[in-house]
Structures are given as structure tokens and as C-alpha cells.
4 protein chains.
Amino acid sequence: MKGNGKGERERGGLELLRGAEAIGLAALMSGVEAYFGYPITPSSEIMEFMASEQGDPRFPRYRAFVQASSEVEAVNMLMGAGAAGHLAMTATSGLGLSLMVEGISHAYTAGVPFLIVDVNRGGPGLGTTEAEQSDYLLVTKSLGSGGSRAIVLAPQGVEEAMEHVNRGFRLAFEYRIPVVILTDAIVAHMRETVDMKAVSSELVPVDPGDTGWATRGKRGRAVRNMLTTGFLDSRDLRAFKEEAMRRWARISAREASHECYMCDGASTIYVSFGISARIAREVVDEMREEGVDAGLFRAVTLSPFPAAGLSRLRGRGIRFRVMEMNEGQMYHDVREVLGPDEDVELVPLMGGIVTRSEV
Amino acid sequence: MKGNGKGERERGGLELLRGAEAIGLAALMSGVEAYFGYPITPSSEIMEFMASEQGDPRFPRYRAFVQASSEVEAVNMLMGAGAAGHLAMTATSGLGLSLMVEGISHAYTAGVPFLIVDVNRGGPGLGTTEAEQSDYLLVTKSLGSGGSRAIVLAPQGVEEAMEHVNRGFRLAFEYRIPVVILTDAIVAHMRETVDMKAVSSELVPVDPGDTGWATRGKRGRAVRNMLTTGFLDSRDLRAFKEEAMRRWARISAREASHECYMCDGASTIYVSFGISARIAREVVDEMREEGVDAGLFRAVTLSPFPAAGLSRLRGRGIRFRVMEMNEGQMYHDVREVLGPDEDVELVPLMGGIVTRSEV
Amino acid sequence: MKGNGKGERERGGLELLRGAEAIGLAALMSGVEAYFGYPITPSSEIMEFMASEQGDPRFPRYRAFVQASSEVEAVNMLMGAGAAGHLAMTATSGLGLSLMVEGISHAYTAGVPFLIVDVNRGGPGLGTTEAEQSDYLLVTKSLGSGGSRAIVLAPQGVEEAMEHVNRGFRLAFEYRIPVVILTDAIVAHMRETVDMKAVSSELVPVDPGDTGWATRGKRGRAVRNMLTTGFLDSRDLRAFKEEAMRRWARISAREASHECYMCDGASTIYVSFGISARIAREVVDEMREEGVDAGLFRAVTLSPFPAAGLSRLRGRGIRFRVMEMNEGQMYHDVREVLGPDEDVELVPLMGGIVTRSEV
Amino acid sequence: MKGNGKGERERGGLELLRGAEAIGLAALMSGVEAYFGYPITPSSEIMEFMASEQGDPRFPRYRAFVQASSEVEAVNMLMGAGAAGHLAMTATSGLGLSLMVEGISHAYTAGVPFLIVDVNRGGPGLGTTEAEQSDYLLVTKSLGSGGSRAIVLAPQGVEEAMEHVNRGFRLAFEYRIPVVILTDAIVAHMRETVDMKAVSSELVPVDPGDTGWATRGKRGRAVRNMLTTGFLDSRDLRAFKEEAMRRWARISAREASHECYMCDGASTIYVSFGISARIAREVVDEMREEGVDAGLFRAVTLSPFPAAGLSRLRGRGIRFRVMEMNEGQMYHDVREVLGPDEDVELVPLMGGIVTRSEV
């Protein structure tokens, strides 16, 4: 893995990778076949990387790169490639993702797998191009109408972002569902040392499994499959939803994940995700040094939310501090789990601004 | 209010109105100036009515009707008219609304008022054209990225839908925020008797108030105002969000509304909204006849959610049954308010199907 | 006709009007009902004027103004309004017109009347925003595929532009055909004195005549007419084309028009149109002063080309000088009429640049 | 060249090829690198063939295939690939080509090479899906505004269509100009025997030559070239046009081509192109058998028109019959060359219908 701006140094398998390139590289290593997108800061570096990787002989499965004319078009290209059983991905930011939710709703309904990387910028509106985590509600509550949803992963750094790309493709095909990686401008733009030896052993090409459901054309043969998102009557819709609920229950039981850091016996526990969980961890370390028994509960999957794991911390008199780079979004999921009687305080790092006195 | 298919019978001020036409008529009576939209079942009758009303001399303020080439375009037309201080509206359904959320995020950020009527069809995806309430999460949690939101009203019938149109325009201009009316295919298509005398006294033209903020051009004068949704740096974004939080706190304190029906002393309380609240009320009546002391908590505003009102019912050993035409969406708001220790059960009327044994 | 920036001075009915505003005013006086467009320099002033005239009580027939999202959309709006029998217009420039030719082809085929003002800028490509006459071939030869065409008028100044707007609407409805006014950046932007008294008597609202062919919907009645541009088989297409040829022969016989200035006995005759014909006239005047018996043949209609009028000048040993602001476009029509044996020289004012020594 | 539906039989290098596939195959053999398009009957088979050829190891230069969301988008993709110095092509039909002319105007101005195959269907409007030659004016007179043009080739059968694809790419890069192949539904859909041995020796990959002008990005290097279609002032535009005129004069002198068949001493000469030239040739043969000394002048390039070749036939008392599948389009070019005194008659095969008594 040398040259081409992908790695700046190599020493014993360690490589200094920028988040955006690492995400693209992870996709290639995972066997991504198609990238469709429309540029938007701060996600554009991923797209640029994928553009530059066209024709790289190390990744022969990577065959299609298209800059669509809009995010609406891009998501429908994802739909097309995913429906044909191919590994397809895009990267975007909040406003772009907003334009994709109608398409995601179709993909959720038809069981079409693909991967979307949301590099969260400040919002709402044009907002800023700096980091926030304010797309939490958008990605976890309703990616489109009618209760559409996706699996959402939230890496806290470059190496985990790479792992999440691989995991994302696997989950997308295992459950035939769109997967979103919610990351942000900090992770996408920072450089971190990645243990490429370790990563390479994990980031093996994803096997899409039995894609007998896919709508692949073939010369001289009628199209076998039909993927549709409409239902003849309400009973069909209901049946679909009941099945979708069972599928989601399986996903929740198996895939919801979190990390506890020094939670045992902690009197103060930060609840956080992604890049702000890293900040929280530093705060915890400092507090520990100061003699305060602090801990950290980090949600790794945001959807499904690791409710069971968090619930176990109820009733212990813990002071919870929900730290997120927004005005309080995951906060509501935490409150729902912990209930109104627990001591839960919001630490809203709005605008992505971390002020020492607040955290 | 006669002729033109708007009212079928008149007797002492009573008129039999179809929901879609009633919504359009209420908009005209409220002084709507512009309608922009793209047709989608089951909302299209509202658009057709507004198309046919062009040039009606009774409503001289109604000046512009445009069928846009897509929902993306329609919402940007709403943005334009609203930014100029005009009363503008659209009607759509889930998939169409999904395409509008990027625009709504800009409107929320720039403080641009307009009214969107979401006639909920079955979803996700194309779903069905029958009624559901499965856009609850979309309209209350994630109207775009970065934490965008709107005020959401949920009428339970034709006459209330008319009142909500008027209230919606007033709220939109008072708080300079988009307003969504979440209704459904049943309300839009059913005919109900409306007391036009009473309605007419309420549905007076909405005064947009001081629109000194609006971006109205004028010959020979430079544009005075600039409405933007981007921020120079994160501190500006943070300042905007702090102000937006204060605005939302005011909205929550003043505008959150609900209705209690026989809640006092009830041992079983249905929690519901919109058309399913009407079904719940019938169930309550039947239960009361059978000697069960049942009640109904109806959320009239979905966003802000009437948390304070609901919270008062905690700790009384009540059995709560959340009835909604989806797989459980408002259910999470209810759980967040009531906490994990209350007895809260979901009655999910998925596909809009009401089965006696389930409710 | 005072105020509103339309006329700067009034003295005995004389008014100083800018070309763009005069064109818009003429449209309003002619009873235009709808304006659809997309801005492009140097035509945008027409659109701006039409935007500002919305709601002017003097022109109650003017009901719809829409800035479309592209020229493709604008021409399809023209198609819709024209198909319903309404007077509709747009203004654009070469690149914008290029995007409209597919729509014009449909209008030509379905017999849908509307008016397009092409304010010629320098081209090809983005070219310049200065005047040229280089859209001659586009408007006279190839407004779309399959031999689509339009009637094309070429005014030489502001007052004639106003007359052409009125004439254009009349021709469009009389022959059910699109009409193009080919003008340029000079005419659109210059101010000229217009005799409003004379103009007002001419620019009366255009009667669309019997529009029994139009596709007007009406409540409770099935759509009566069908306007289509497709044919079931080649014989139907052939029959349509034969009828279209007969229609065009009638148009050519009745509507082809030109002006001769001092042609009798002239040994040198300029052949020109639009603004360059005015320059040519000045040249003729100067040459006459210098004793040269020069003359001017000005094509007023470009399509149909006034071939019969020009043909009469054959065989007289005249030296023809075709002066046009392009690289030689009308030149070919002139050559076709006059034949290879006449002395025909091109004076190509490319880039709209007039160099004394060349003319 | 076997299998894959490209050739049905092979015998001594002879292969039965369908026009559409032959055109695609010729493009691949010529080294085409990118295909962008939007389907329209009767051109879609070319696009389908190019879609199916993705990844064919025999044509490693062929790297990109995109079905754009419209012809407007497709032509801009051609612009992008051509501007980067790549061999790119599309196929379309009249209405689709109409939507491309704005883009072609930019390509003509910026000197961007690409190849467009226009499979002429009946027109104007939707017309029919059968063959016509009614796009002649569109492709030869004004592919966009401001005097844009392209080189236009008109093959009369499958094998010549293959040669024209190769010649088209060569001309496009030699002169840095868009090239159009005007063919029709008959040629695209008929099967003809092609001498693959002969064709293979001719259809060698086209060398794009020195593409130092191309806008190729490269990591770590600033973009070297700027291709623009706008000019700072009219003098720049004029200078461009003067150079463009010189370029066109070179093209006309070197590339205009025609075929004479039994023209020497003929008293009746058919003037024709493409598929109708083949019909004319049969007519000539029959007439010869009947003792009439007929001949055929076939225009191989339509733009530049082979005026010099045709002009040589003037003044010989020949009866010219211009036979084309339209209402008389090339007829005007013929008239311009021959002049009003020659005996020139139009044989308009409108709707693509050939009636024995008419030809």
C-alpha cells in the first residue's frame, strides 16, 4: 500500500492515513465495485480519492465511478447497483444526505444494500464546513418516509472508520439494508497512524453471499427478479412491516454494540459517540487523575441504539452526561432508556465547539 | 361558500366538505398567496383544488399556482415565496416530503415560514396509497440535516384540519418556522359536515405581521435583507443554535397542545393522534359502556410533543396503550416521557389496518 | 403609460423606451397571459420587466409568470399554456434557445402557438454578451429535429420590435405555429422614441380566434381534445407533413415580407436584416451622398425568407453585399435565391463589430 | 470476433452484422474509451450493445459507460471526456439530439472532439420510430446557437457506417470538432454482410494525436489547460471565428466527399445521401436497364457539403432529382450550388415511404 498519496509513511506496517483516504481505501479493500456521488464539503475528499483510484490494478473489482448530477441521482445509481447485487457506496454530508432519503426509503423497502458515509458538517442549512454530530436524528430516526431506517455505525477515528466500512458492507448484504457510517469533518480530515498489517487481515473483500434476489439481466434470459417498493394493498404492506420488524429485532439483538470505558463503579458516566467520545475519554482520564471516578459509555452503533447495554447502568445513582456535538439528539435516546428519574445532563457541543468549562 | 364543488349541501351553515377541499378552502380563507407543488397520491386532490381556484374573485390574495417539475423544485419555490414574506403552501405525501427535507432545513435555518400538508400514505417506499401515520418520525425528528425541525400539527378530522391550516400559517409567521400538518389519506378523502358559520369566524386572513425581515425587491432600491443558511464560522452557528433552542423552548411552552378525554381516574389511557385518536375515542366509549374506566390522551401538536401534559399522568398505575398507524413511532416519545417503569404498550395499526381484537 | 420605469419622458405621445421593456410592454398590450422563462444575458431585462408587471391592473389578462428551473422546463410550460389556447411567451438568448428546440419541435408538430424572443448574443458557446446575428441558422433552419420550423421576424428597432410582438402573437394563433422574434443585444438595450399613440392603436389585444382545438380541462367534463406529436405509422406522419407543407406554402405566400430602400436602379444593393440593416441603411445614405447609387433589401421575415422579392433583383448586374453580424448565414439563403452567377459578396460583421472599411 | 451476439455467421471473414451492433463494434475497434447516452428508439440498440460490452477484455481502452439522466447530461459527459482527450461517443435520435445542441455548441467552440450517431427517426416531434432523413437541417445547419457546426457523415449501409465511426473519431481529433454520423432506423436495424477481414485492417484504434490541449488533471500538478467557450470581448470572439472559418475552409477542402455513379453523360442524375442513395442507385440501375442514361451523385459528407463536386455538373442540361426521406432539406444545398436556372426537382420521401411511382 504505497504511493499515490494513500500512505505517507510506512514503518513496520504503520501508515499515516487521512480519514477520507482511509475510508476510500477500506472500501477498495472490501471489494467495492461502484462509487456514485455528488461532491459536498467535507466529504469530497472521499469522492476525489475514489475518482483517482479508477483503474488501480490492485482493485479489479472496482469498476464504476460516476459523478452524478445531484444527490438524488446518485442515490438512485446506488439503488441500481445494489439491486444488481454489487457493492456500491457514496459519501456525502447532511444536505446531500437529505436529498437521498427518498431513495433510501426505496432501498430499505426493496431490501437493497449499499453504504453511505455521512461526513457530518455543521448544520442545519448550509451551516458550516466544520465538524458536528447534528445529523444523528436524520440518520437514526427517519431516513425517508414511512419508517425507513438504516443500520448506522459511528467510528471514533480513522482505523475504526476503516473497520466500519468493511463491517458496513457485510451488514448491508447480510440484512439487505442500507448502512450509514456517521462520521464527521474531523475524522475525515485528520491523519492517524493505522496498523495496516492488522487492518489488512480484517479488511478482506466482502462476500455478498447468495444474491439470488438480485435483478441481474443476462442476454437471452428474462429478468428473474423484481424488486419493488409498492404494495398491492394494505395487508401486503402490513406483512412486509411485520417481517421488517422481525428483521430489525434480529439486527438489534445481534448488532447493537457499545464500548464501556471505566464504567464499573463510576459515579459519573459520559455517554457519547464518534469523535466526541474521544474527547469524552480524555475528559474521563483527566477526571480520574483528579480522583473523580468517571467513565464513558460509547455507542458504536447508533441504529440500533445499544439500549440494553445502557439500561444496565440504571438505578445506580450515576450522574450521566450526554456529550454530543449538537443541541441534544442522542440525548433523547438516552433519556428513553434511562427514564425521567435518572440524573441525565446534556453537554451540547453545538457548532462542534469544545469549551473546557462545559465538558 | 357555494358551488365549485366545494360544498355539497348547505343547511344552517352546515356544509359537507371533503378533507382535501376543506384544507384548500381553509388556506384560501386564511389568505394563502401561493401554492407550489408536485402531485402525489393521496395529496393530489388538494393540489387539484388549488389549481381550480386560480382566479376565484373571492380570494384576491391568492395569486400564484405552479406545478413544479419535482418536489425539490416545489420546496425551493416555497422558500422563495416565504422569504419574500408571502403565505405559501404545498401538499404532498411521504416520498414527496422526503425530497423536500433539504429545502426545509434551509427554511428552518433562515427563518422562512411556509406550510406543508403531509397526507400520509402507507410506507416506506412506494408503500400503498391508503392511510398510515408512518411519517411521524420523518416530520417530528428529521426534516433535514443538522437538527432541522418544524412545528407539526395533527388534525383528527376535516374541521380541525381547516383550523390547523389557519393556525399553521399563524405559527409559521409568528415564529418564522416551517409548519407541517400531518394528516392522512382518510382525513383527506372523507366528507364531513363542517359548521361553516363557526369556521368562517375563525378562518380569517392571517396577518403576516411585521415582515421587515423579508427579502422583497423594490425598483430603484437595493435589496435590504439577506436570508442565509450558512455561517462564517462555528461560533456563529453555535450562536444561531442557542437562539433557535430558546425559540423552540418558547414554542414548546406556548404551543404544545393535547386533548384529554375521560382521563381523570382512568385506569387505561390510550395515547394517540390524528385519525387513530378518533378510533381510540370510539374504543374508549365502548370500553366505558362495558364498564372499563378508559381514557384518551390525544397529541394535537406532535412537535413540540405535549410532554408536560402527558407527564402528569405518570405514577398513577395507569395502563397506557399507544395507538398509531405505524410500527411504533410516537411510542418512543411517549416512552421517553413516561419512562421505562410505566406500563406502556404499543398498538401498532400497521398498514392502517384496524383489527378489532388488537385495539 | 406612465411610471414604473416603462417610459422616461412623454411629450405628445412620444415616449423613450428601452427595447427590452418595449417588448414586454407590447406583449402586455397584445394580451399576453403567461410568461415563462429562464434568465440569460442579454435577454434578462425582458424577464425582469415581466416579473415586475405581475398584478399590473392595466393588464388583467396577464396572469402567470414563472421562472422555470431551466430553458427545457420553460419551453414545456409554453407548450402547456399554448396548448390550452393562451397567449404565452418567453425571451432567451442562443444557448437558452438551443435547450428549447426539442420543445419547439413538439409545438410545431402539435400546432401549439407561442412566442419566443431570441435576443442574439455573440456565439457560438458562451460567446459574448454583446450583439450578434449568429442565431440566424438556428432559428431559420433547425428549431429541432425532423424539419421543425417557426415563423421568424427580425425587427430593426424598438418600435418595430413592439409591432412584431403583436404580429407574432397573431401569426402564432392564425397558423398555430411557434413564432420567433430574432433580435439582439443592441435593440434590447437601446432606448428609442416610440410614438405611443400610433403604437397603442396597433397593439390591440390579440384575439386567439376559435380555440376549439385547445386542450382546456373543465370540471365534470372529459378532456375534449388531444394534442399529440407522435404518429401511429409513417403514412400518418407523411399526411401530417404534406399538410404542414401546404400550411407553410400559405405562410410563405402571405407573410413573407421585406423592405426595399432605394433599390430602383441601384447598382449596389445591401441585403441585410435587423440591426445590421439599420447600419446598412446608413451606409447606403452615405454612399448616395457620395454619388453611388446604392440600395438596401431588408428581410423583415427571415422564415419564410422573402425569396420572391429578392428574386426580382436577379439579372440586373447588381452587386449584392450581404451584411450580417455573423460569419455568413443569411448569405446562403441569398445565394440560393440569386444563384451562383450573380455577384454576391459577404460582409461578415463577426462579433458584432462594425469596421468602417469593411462595410 | 465471435459470440456475444455480435456476429451471427462467419465464413471466410464474412459476418452478418446488424447496423447498431456494427456501429458499436466499430467504436470499440477504433478505441472508444467512453460511452454516455440516454436511450431513444431507434438508437437504443447501440446503447444496449455498448452496455453489454463493458468489461470485454478485447477492448481494454473501453472504460466508462454511463446512462445519463437525460440527453442534456449525456452531452455534457461527452464534453468532459472529450475535453480530457478521450474518445467518447453517444448515439441518439432527433429529439435527443435536439437536447444536445447546446452542449455541442460549447464543444464546437472549445474544440472538444466527440462522436454522435444520430439514428434518424420520423419527425418532427415524437414522429414515428421508422426511418427518415429529416434531421439533415438540424445536423448540417445549426447544432446550437451562434453558428455552431460539426462534421457530418452519412453512411449508406452497415459496412460504411463502421468505416464512418473510425473516420469520425479521426476527424474529431484531427480538427478538434464534434462529428455526427447521420444514419437512420433502416441502417441501424438491418443486417448486412460485413467483410470483417477488410474492416479489421481499417478499423484500427484511433490515435488521438498530441492532446497537449486536453484538461487532464494530475495529482500534485496544477491544471495546465483551460478550455472555455466564452470570450472577454467581441474582438476575441471575432478572432476565434476567423480562425474557425479558416479551419472550416481546410475541412471543406480536404474532407468533403461524394460518390458519382454513372454520372458521366447522364441526362438524369439523382442527388441523394445515406439509405435513400441506395434506393436511388437501384432506381438508376432500373432506368439504365430501361435505356435511360441515369446517374447518381451521393453526398458522403453532408457537412461540409460536397459543393465543388456537384458544381461540376452544372450547365450540362442535366435533370437533377434530389431524393431524400424528408420534405426537402438537402434540396436547398443542392439548389444553392446549382442555382435557380438548373432543372432540379425534389423527390421527397416523407415519412420514409418509398412509392415506386414517385421516385
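Student: Leaving aside its neighbours within four places in sequence, with which residues is C:Asn166 in contact?

Tutor: This is a predicted model, in which local features need pLDDT of at least 70, side-chain atom pairs count only at pLDDT 80 or more, and totals for chains, interfaces and linings use all residues. Residues are numbered from 1 along each chain as its sequence is written, chains are lettered from A and ligands numbered from 1 in the order in which they are written, and side-chain values use heavy atoms, with hydrogens and water left out. C:Asn166 is found in helix H6 (residues 158-175) of chain C; helices (H or I, at least four residues) and strands (E, at least two) are DSSP runs, numbered from the N terminus. Contact means heavy atoms within 4.5 Å, and beyond its sequence neighbours within four places the residues that C:Asn166 contacts are C:Ser30, C:Glu202, C:Leu203, C:Val204 and C:Val206.

Student: Does C:Asn166 count as buried or exposed?

Tutor: The classes rest on relative accessible area: buried means under 20%, exposed over 50%, and partly exposed in between, with a 1.4 Å probe and protein chains only. The relative accessibility of C:Asn166 is 3%, so this residue counts as buried.

Student: Which class of accessibility does B:Asp285 have?

Tutor: B:Asp285 has its place in helix H10 (residues 274-289) of chain B. Not counting residues up to four places away in sequence, this residue touches B:Tyr261 and B:Met262. Its relative accessibility is 29%, so B:Asp285 counts as partly exposed.

Student: How are the rings of A:Tyr35 and A:Phe65 arranged as a pair?

Tutor: Rings of Phe, Tyr and Trp (its six-membered ring) pair if their centres lie within 6.5 Å; planes under 30 degrees apart count as stacked, over 60 as edge-to-face and the rest as tilted. Over all chains, the structure holds 16 aromatic pairs. For A:Tyr35 and A:Phe65 the centres are 5.7 Å apart and the planes stand at 15°, so the pair is stacked.

Student: How many residues apart in sequence are the parts that this pair of A:Tyr35 and A:Phe65 ties together?

Tutor: Both A:Tyr35 and A:Phe65 are buried. A:Tyr35 belongs to strand S3 (residues 34-37) of chain A and A:Phe65 to strand S4 (residues 64-67) of chain A, so the separation in sequence of the parts that are tied together is 30 residues.

Student: In which sense do S3(A) and S4(A) pair?

Tutor: Two strands pair if DSSP finds at least two bridges between them. A:Tyr35 stands opposite A:Phe65 in S4(A). S3(A) and S4(A) are joined over four bridges, and the sense of their pairing is parallel.

Student: Which strands of chain B stand at the edges of its open sheet?

Tutor: Seven strands form this sheet in the order S4-S3-S5-S6-S8-S7-S13, with mixed pairing. Two of them have a single partner strand each, so one side of each is left without a neighbour in the sheet; these are strand S4 (64-67) and strand S13 (301-303).

Student: Which elements are included in what covers the buried residues of H2(D)?

Tutor: In helix H2 (residues 44-52) of chain D, the buried residues include D:Ser44, D:Ile46, D:Met47, D:Phe49 and D:Met50. Their cover includes, from chain D, helix H1 (19-29), strand S3 (34-37), strand S4 (64-67), strand S5 (88-92) and strand S6 (115-120).

Student: Over the ring of which residue does the charged end of D:Arg281 sit?

Tutor: A charge sits over a ring if NZ of Lys or CZ of Arg is within 6 Å of the ring centre and within 35 degrees of the ring normal. In chain A, A:Arg149 lies over the face of A:Trp248, at 4.7 Å from the ring centre. The charged end of D:Arg281 is 3.9 Å from the centre of the ring below it, that of D:Tyr261.

Student: How far apart are the nearest C-alpha atoms of chain A and chain C?

Tutor: No contact joins chain B and chain D, whose closest C-alpha atoms lie 15 Å apart. Chain A and chain C do not touch either, and the separation of their nearest C-alpha atoms is 14 Å.
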